[in-house]
Amino acid sequence: MEGPLGLAGHALTLVTTYHLSTVNDSTHLKVEVHGAGEFKEEWPEVIENVWKHFIIERFKPYWEEKYSESSTR
C-alpha cells in the first residue's frame, strides 16, 4: 500500500509492506512501514497505533469469528 494512510494533508508518502510467515499452525503477520517527506516526531507512535487498531482490534476478531463459524458448519 502506498499513500499518506491517515495523515492526508501532509507532504508525506508511506509505503506499507506485509510479511506473512507460517509459525507452527498459525500465520505471523509483520507490517513494515517506511515514510518519506514531512514528518513529525510523534507520528511513528500514531502510525503504529493505527495499524494495531485495524489489525488487532478490528481484523483479527472479524477473521477469528468468520473462521470459527465456517469451521462449525
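Trp 63 is found in helix α1 (helices are DSSP runs of H or I with at least four residues, strands are runs of E with at least two, both numbered from the N terminus). The model is predicted: local features need pLDDT of at least 70, side-chain atom pairs count only at pLDDT 80 or more, and totals for chains, interfaces and linings use all residues. Residues are numbered from 1 along each chain as its sequence is written, and side-chain values use heavy atoms, without hydrogens and water.

Trp 63 has 47% relative accessibility, so this residue counts as partly exposed (buried is under 20% relative accessible area, exposed over 50%, partly exposed in between, with a 1.4 Å probe and protein chains only). Together with Phe 59, Tyr 62 and Tyr 67, Trp 63 forms a nonpolar surface patch with about 500 Å² of accessible area.

## Nonpolar core

The largest nonpolar core consists of six residues: Leu 7, Leu 12, Leu 14, Trp 43, Ile 47 and Trp 51. Such a core joins buried Ala, Val, Leu, Ile, Met, Phe, Trp, Tyr and Cys residues through side-chain atoms within 4.5 Å. Two or more residues each come from β2 (12–23) and α1 (43–71); α1 gives the most, three.

## Loop residue Asn 24

Asn 24 lies in the loop between β2 and β3 (26–37). Although not a glycine, Asn 24 has a positive phi of about 55°. Its relative accessible area is 75%, so Asn 24 is exposed.

## Confidence

The average pLDDT (the predictor's confidence in each residue, from 0 to 100) is 85, and 85% of the residues score at least 70.

Conventions:
Patches are made of residues with over 30% relative accessible area and no salt bridge: like charges are joined within 9 Å, nonpolar side chains (Val, Leu, Ile, Met, Phe, Trp, Tyr) within 5 Å. Accessible areas come from the Shrake-Rupley method with a 1.4 Å probe; for residues, only the protein chains shown count as cover. A salt bridge is a side-chain nitrogen of Lys or Arg within 4 Å of a carboxyl oxygen of Asp or Glu.
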